Structures are given as structure tokens and as C-alpha cells.
Amino acid sequence: MYKARLIVQVKAGRFKEYLGMTEKMNDLARSRGWTEATYLIPTVGTANQIIAEFEYPDLASFEREGDASFADPEMMAIVKDAVDCLVDGSIHSELLQTISTADMA
């Protein structure tokens, strides 16, 4: 399994606006049959930080949905508006893969 994370910091005063956009992105993802994000905030740490987590069964699913979302004009319009709410330079992404002791043999 793969877990993708997108970690961003929202500009002061724009948190509620950004959350509204995350709902639109999830609504659109749901309508397209794509993976929806789970949104998290740190209990302590960087102020106005939001973490979007996505789970994929395999790398091919991650790539396929990423390609489809980047090619989708409606999704990209929402993303463009959402980026305006973010602190410049605060976007950080991660792609994590599950591992077990059996994988170490």
C-alpha cells in the first residue's frame, strides 16, 4: 500500500476558505471515482498547517489518479484557487510505502 501526503501552510485569515476548497476537491474526486483525501491538522506544531492523506493499493493507482487529476480542468481550477490560499514555499509532498518484516527477508 502507498500513502501520499500533501502538507501545506494556509495564509492567516484564509483557513476556512481553504477548507471549503478541500471539500470541493473531495466532492469532485468522489464523482470521478478517485481516492478522497483525509485532512489532518497538527495538534501542536506549525500554525495553519493542513495535511492531506491519500491511500492507494499500489503505485500504479497513485500514478493513474495523479495523471487524471492533473488533466482534469475542473480539478485544476479548484487547485489553482486553493494555491492562492497557501504560504509561498510551504508545499511539501511525501509518498510512503508500507513495509513488513517479510519484506526484509
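**Notes on the fold and its packing**

1. Strand β3, residues 49-56, has seven of its eight residues buried, so this strand is largely enclosed by the rest of the structure. Please bear in mind throughout that this is a predicted model.

2. Which strands pair with β3? Strand β1 (residues 2-9) runs antiparallel to β3 and is joined to it by eight bridges, and within the β3 pairing Val8 stands opposite Ile50. Strand β2, which covers residues 38-40, also pairs with β3 in the antiparallel sense, in this case over three bridges, and here Thr38 is the residue that stands opposite Glu53 of β3.

3. On the helical side, the axes of helix α1 (residues 15-32) and helix α3 (residues 73-83) come within 10 Å and cross at roughly 165°. Angles over 145 degrees count as roughly antiparallel, and α1 and α3 are therefore roughly antiparallel to each other. The crossing in which α1 passes α3 is left-handed.

4. As for the residues that make up this helix contact, α1 contributes Tyr18, Met21, Lys24, Met25, Leu28, Ala29 and Arg32, which meet Glu74, Met75, Ile78, Val79, Asp81 and Ala82 of α3. Sorted by class, the contact of α1 with α3 has nine nonpolar and four charged residues, with no polar ones.

5. Is Asp67 buried or exposed? This residue has its place in helix α2, which spans residues 59-70, and it counts as exposed because its relative accessibility is 56%, where the cut-off for that label is over 50%. Asp67 and Leu96 are 29 residues apart along the chain, and their C-alpha atoms are separated by 18 Å.

6. Turning to the chain as a whole, there are three helices and four strands, and read along the sequence they follow the pattern β-α-β-β-α-α-β. The C-alpha atoms fill a box of roughly 50 × 35 × 20 Å when taken along the principal axes.

7. Two totals for the chain may be set beside the points above. Of its 105 residues, 30% count as buried, whereas in strand β3 seven of the eight residues do. Among the contacts in the chain with a separation of 6 or more, 76% are accounted for by residues 24 or more positions apart.

Notes: Residues numbered from 1 in each chain as written. Predicted model: local features only at pLDDT ≥ 70, side-chain atom pairs only at ≥ 80, totals over all residues. Heavy atoms only, no water. Helix = DSSP H or I, 4+ residues; strand = E, 2+ residues; numbered from the N terminus. Buried < 20%, exposed > 50% of the residue type's maximum accessible area, 1.4 Å probe, protein only. Axes fitted to C-alpha atoms, helices over the stretch in contact; angles between N-to-C directions. Parallel < 35°, antiparallel > 145°, perpendicular 65-115°, else oblique. Left-handed = near helix turned anticlockwise from the far one by under 90°. Contact = heavy atoms within 4.5 Å. Nonpolar A, V, L, I, M, F, W, Y, C, P; charged D, E, K, R; others polar. Pairing = 2+ DSSP bridges.
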